[in-house]
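Here is a short briefing on one protein chain. Look over the sequence and the fold before reading the points below.

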Amino acid sequence: MARRRKVAAPSAEDLNRIEEEFTSESRSREGGGPPPMAPIAQVARDAAIAGQPLPQDLRQVQARDRKDAETLREAAAHGRIIVEIPTRAIDEAVMVRDRIVLDPEEMAELKRSIRANGLRLPIEVFDQGADAAPRRYGLISGYRRLRALRELHAEHGLEEHATIRAVIRDPAELGGAMVAMVEENEIRAQLTHYERGRIAAVGMQQGLFGSVEEAVNVLFASASKAKRSKIRSFALIHEELGDMLVHGESLRERDGLRLVGALRQGGQARLREVLERGSVSNGAEEWALLEPAVIEIEARNNSVPERGGRPKSAKPRPEWKGGGKLTLSNGIIIEYGQEDGKQVLRMSGRGVDSASMELAVKKLARHFDSS
């Protein structure tokens with residue numbers, strides 16, 4: 001019986017030698033150029049080359065490259081890679097911002113810092129898809145930083161201010177872009193109670209939450225129960241008066257809770273009437289316009305300012321008897337009557353402050369001195 005021979009694929013060196021011999025023989029026979037390699041020879045050659053193991057150092061390099069690629073893909077998927085994005089490609093208005101007013105001094109300080117040291121902290125964006133071009137990215141957090149860079153680019157025209165360092169996030173993974181924005185501002189720049197209440201009310205109005213209470217519980221999940229109660233109270237101010245309030249973010253906590261109490265006692269129409277006829281330039285003037293109406297509603301309902309969202313009973317106010325009321329052309333209201341057996345004069349309205357009261361008292365004093 002004939003012995004079987006083990007057949008092995010030729011090595012690359014063997015195939016090269018065969019090819020050279022074949023080429024040399026063909027040239028000597030035909031006197032022409034090198035003929036193309038036969039298909040079967042090409043296949044055999046490729047199989048031999050592929051079957052040969054790579055050197056160990058090259059295999060290690062390929063393994064590191066594969067691992068690095070996997071790490072890069074994972075980091076990109078979880079928002080751990082910082083990229084440079086043109087500021088013009090970012091839509092900061094894709095959702096309502098919780099910050100209402102930017103402090104000019106703070107913005108000037110931030111711009112000076114960026115000019116001196118560059119932008120230290122990247123912003124957060126989410127990809128809206130190619131269809132959203134040219135504003136492809138929606139802003140989650142970093143509104144002040146984006147605004148500062150745009151202003152610097154407009155002022156100085158430097159290319160270094162035309163792009164911004166950003167991390168691309170998945171809003172769903174963060175629990176929603178709005179939640180991420182609120183969390184970032186709660187940590188970096190404390191919001192006022194009105195700003196907190198406003199963003200909760202807006203979230204409900206846009207259909208992101210079923211109710212204001214749900215919006216507050218989701219957006220401010222880490223806040224205390226008492227703080228969430230106050231935020232719900234200030235959300236009511238925005239729901240009822242937000243279209244007319246100019247300086248709502250300037251409301252002090254105590255004044256805001258008094259305003260909430262007046263709204264819950266049916267004072268919406270009266271408060272809107274006051275805001276409609278008044279013109280103010282700052283928060284103090286706006287509250288001076290509202291306070292007389294709030295006092296009027298409190299007196300009518302025999303209540304005191306609430307502290308955490310629930311109206312409480314007040315001690316009975318002294319009885320007001322007789323007298324009358326004058327409304328001046330500038331909106332100032334003068335009331336006079338009797339309270340606890342004493343003649344009382346009251347002044348309220350826009351422009352009534354300690355200085356104007358002191359002037360009125362001096363004029364009254366001159367009147368009585370001369371009589």
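Over how many bridges do strand β9 and strand β10 pair, and in which sense? Strand β9 (residues 333-339) and strand β10 (residues 342-348) pair over 7 bridges, in the antiparallel sense. The model is predicted. The chain has 371 residues, and 33% of them count as buried.

**Overall make-up**

- The secondary structure of the chain comes to 13 helices and 10 strands.
- Take the contacts between residues at least 6 apart in sequence: 61% of them join residues at least 24 apart.

**The hairpin of β9 and β10**

- Ile-333 has Ser-348 in β10 as its bridge partner.
- The hairpin has 2 residues between its strands.
- Asp-340 takes a positive phi in this hairpin, near 55°.

**Leu-345 in β10**

- Leu-345 is found in strand β10.
- Is Leu-345 buried, exposed or partly exposed? Its relative accessibility is 46%, so Leu-345 counts as partly exposed.
- Leu-345 and Glu-335 are 10 residues apart along the chain, and their C-alpha atoms are separated by 5.8 Å.
- Leaving out residues up to four places away in sequence, Leu-345 touches Ile-334, Glu-335, Tyr-336 and Leu-364.

**The five-stranded sheet**

- Strands of a sheet pair through backbone hydrogen bonds, either parallel or antiparallel.
- Strand β3 (residues 123-127) pairs with strand β4 (residues 137-141) in the antiparallel sense, over 4 bridges.
- Phe-126 has Gly-138 in β4 as its bridge partner.

**Helices α7 and α8**

- Two packed helices are described by the angle between their axes and the distance between the axes.
- Helix α7 (residues 193-205) packs with helix α8 (residues 212-219) at an angle of about 120°, and the axes are 8 Å apart.
- That angle makes α7 oblique to α8.
- The crossing in which α7 passes α8 is right-handed.
- On the α7 side, the contact uses Ile-199, Ala-200, Ala-201 and Met-204.
- On the α8 side, Val-212, Ala-215, Val-216 and Leu-219 meet them.
- By class, the residues of this contact of α7 with α8 are 8 nonpolar, no polar and no charged.

**Helices α8 and α9**

- The axes of α8 and helix α9 (residues 225-241) cross at roughly 130° and come within 10 Å.
- α8 and α9 are therefore oblique to each other.
- α8 passes α9 in a right-handed crossing.
- What does α8 bring to this contact? Val-212, Glu-213, Val-216 and Asn-217 come from α8.
- From α9, the partners are Arg-228, Ile-231, Arg-232, Ala-235 and Glu-239.
- The contact of α8 with α9 has 4 nonpolar, 1 polar and 4 charged residues.
- Val-212 and Val-216 of α8 meet α7, and they also meet α9.

Note on methods
Residues numbered from 1 in each chain as written. Predicted model: local features only at pLDDT ≥ 70, side-chain atom pairs only at ≥ 80, totals over all residues. Heavy atoms only, no water. Axes fitted to C-alpha atoms, helices over the stretch in contact; angles between N-to-C directions. Parallel < 35°, antiparallel > 145°, perpendicular 65-115°, else oblique. Left-handed = near helix turned anticlockwise from the far one by under 90°. Contact = heavy atoms within 4.5 Å. Nonpolar A, V, L, I, M, F, W, Y, C, P; charged D, E, K, R; others polar. Pairing = 2+ DSSP bridges. Buried < 20%, exposed > 50% of the residue type's maximum accessible area, 1.4 Å probe, protein only.
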